[in-house]
Amino acid sequence: MLSTSVEEFLIWKKKQLSKGGDQQSFNVLLDCVGGLSRSDINLIAINPYGVLHLKKDLDFLESVWDKHLLDSCPIQYLCGITFWRDLELKVTNKVLIPRSETELIIDIVFNIFRRKSEKFFFAELGTGSGAISIALALAYPLSNVVATDIDQEALEIANKNYISYSKQSNLKFYCGNWWSPLKNFKGKLDLVISNPPYIPKDTYEKLPKEVKNFEPKVALLGGEDGLRHIKEIIQKAPLFLKEKGWLILENHFDQGEKVKKILIKNKFTSIEIVKDHSGIGRFTIGRYK
Ligand SMILES: C[S@@+](CC[C@H](N)C(=O)[O-])C[C@H]1O[C@@H](n2cnc3c(N)ncnc32)[C@H](O)[C@@H]1O
């Protein structure tokens, strides 16, 4: 551990933030590389003449911050870590950085499946870093979760993340196109979740460079109108869900009503568009018959 005075740290911090970037990314850098948690930083205000203990010196932290500002690479990729709900997850440029708005999907599940001690069968399509599936497997230890992704390298990261949190084996990963790896589970699933690629092609072309140049295209692009993958997932869902099984989809800010129509066309009921914390209809949920 390296020691630095709070006074020196505060001057350094002000200098770094004056160069650009946002506070949230800076906090990730301090936490992941510097070993300073949010609560450590809050304590500084109580003891402004104290001493801080860092895992890396300020020059090293500055070099990572400068790299982030120079080429717009997300700080989470530079640090190799992100925070999502109460999880600390390994991330590389093979997986999407799980977004804070997606965190709500777990609360939607908690609302529907209230008895955590019951045994359910959940699936996630397009798991990326594994965030959603790991959160579910940990919250429902008696349930089984199966998670798929088209990208084997993403699944390896998801698996590492799961192993770092659990010695259980109630989460299994399968590689392949949407439903195809789940052929053995037809008619067995209580719930399927997916946050599929849903960005329309012209929007994708205009994404900020920190997203477009670094995050996997396969995780973002949803075809011409953004709905290509959502349609495929909904159309085949009835084959895999139990009667009255649930489908929860994340969608782009303006796709809720369109996704609702596709669900109705495919005989789903109890359809609801759920807003995220910014008031955007971010999730569309339904029940198969
Ligand atoms: C928007 S990301 C979501 C990642 C993660 N579930 C999350 O919420 O952060 C979409 C994921 O779907 C995967 N994917 C894209 N096309 C796929 C396909 N045809 N079949 C299965 N997975 C696919 C991508 O590799 C990516 O991990």
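Val192 has Leu247 of strand β9 as its bridge partner in this predicted model, where local features require pLDDT of at least 70, side-chain atom pairs count only at pLDDT 80 or more, and totals for chains, interfaces and linings use all residues. Residues are numbered from 1 along each chain as its sequence is written, and side-chain values use heavy atoms, with hydrogens and water left out.

Strand β8 (residues 189–194) is joined to β9 by five bridges in the parallel sense. Strands are DSSP runs (E, at least two residues), numbered from the N terminus, and two of them pair if DSSP finds at least two bridges between them. Strand β9 also runs antiparallel to β11 (residues 281–288), again over five bridges; here Glu250 is opposite Phe283 of β11. Of the 10 residues of β9 (residues 241–250), seven are buried (under 20% relative accessible area, 1.4 Å probe, protein chains only).

Polar contacts are pairs of N or O atoms within 3.5 Å. A polar side-chain atom of Asn177 lies 2.6 Å from a nitrogen atom of the ligand. The protein covers 96% of the 590 Å² of accessible area that the ligand has on its own (Shrake-Rupley method, 1.4 Å probe).

How values were computed:
Polar contact = N/O pair within 3.5 Å; in protein donor to acceptor, adjacent residues only side chain to side chain. Buried < 20%, exposed > 50% of the residue type's maximum accessible area, 1.4 Å probe, protein only. Helix = DSSP H or I, 4+ residues; strand = E, 2+ residues; numbered from the N terminus.
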